[in-house]
Amino acid sequence: MKYSSLLNFSQKMTMYVRFKLNKINGSQYFLHKMDGSYKGFVMRVLDGRIGFSFGSTQYQNYSQSSINSGQWYSIAITYDSSEYKVYIDGNLDSKGSVDSDLSSSNTLLIGKHSQDVDFLNGEIDEIRLYNYCLTEFDVKQVLSMKQLSYYPSLKVYPNPFIETLHIEQLNYEF
């Protein structure tokens, strides 16, 4: 997905992906928006565990639990500028502290690494990116498919006639 200012995150964010892997082997990327100086964010699976990075750390954070192939999962990773939390199917799996720099003008890649390696072997049903840190309640709301009407979010959908994704910001009145 080409660079968009809507994908510029400052100090807080949430990554959410609903997926099913056909096979678990090595490293497979869901999201990659990181530059050579490790600014940005990444979400992947490595040997059955969810790996992620927010800025200055290079893949040093992993879920406690492992996932299996052939099963649908919903993963949410929240970051509030100092602490991350990993939710697997709405349940808190792990948390910790990390310093990061989310700013990256690189292209957001879905299903692959920036060097055209580690392609995803599976299906992605839904991706959501928020420029704020969802609470545990919010994560459960997303899983139950309820719109978080008190927060603006992005709607991303493919155009079947060209190889681009359309992005629009949803605005809500409070």
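Are E126 and R128 buried or exposed? In this predicted model, E126 is buried, and so is R128, where buried stands for under 20% relative accessible area, exposed for over 50%, and partly exposed for what lies in between, computed with a 1.4 Å probe on protein chains only. Residues are numbered from 1 along each chain as its sequence is written. Because the model is predicted, local features need pLDDT of at least 70 and side-chain atom pairs count only at pLDDT 80 or more, while totals for chains, interfaces and linings use all residues, and side-chain values use heavy atoms, with hydrogens and water left out.

Of the 174 residues in the chain, 42% are buried.

Five strands form an open sheet in the order β8-β7-β6-β1-β10, with antiparallel pairing, and two strands are taken to pair if DSSP finds at least two bridges between them. The edge strands, each pairing on one side only, are β8 (91-97) and β10 (122-130). Within the sheet, strand β1 (residues 13-21) runs antiparallel to strand β6 (residues 72-79) and is joined to it by eight bridges; F19 stands opposite Y73 in β6. Helix α1 (residues 136-143) lies across β1, β6, β7 (83-88), β8 and β10, and runs at about 150° to β6, the angle being taken from 0 to 180 degrees between N-to-C directions of axes fitted to C-alpha atoms, for helices over the stretch in contact.

Side chains of opposite charge can pair when their charged atoms come close. Three salt bridges are counted under the rule that a side-chain nitrogen of Lys or Arg lies within 4 Å of a carboxyl oxygen of Asp or Glu. One of them joins the side chains of D125 and R18, at 3.5 Å from N to O, and this pair links distant parts of the chain, since D125 belongs to strand β10 and R18 to strand β1, 107 residues apart. R18 is partly exposed, with a relative accessible area of 25%. The side chains of K20 and E123 meet in another salt bridge, at 3.6 Å from N to O, and here K20 in strand β1 and E123 in strand β10 are 103 residues apart. E123 is likewise partly exposed, with a relative accessible area of 37%. E126 and R128 also form a salt bridge, with their closest N and O atoms 2.4 Å apart.

How values were computed:
Helix = DSSP H or I, 4+ residues; strand = E, 2+ residues; numbered from the N terminus. Contact = heavy atoms within 4.5 Å.
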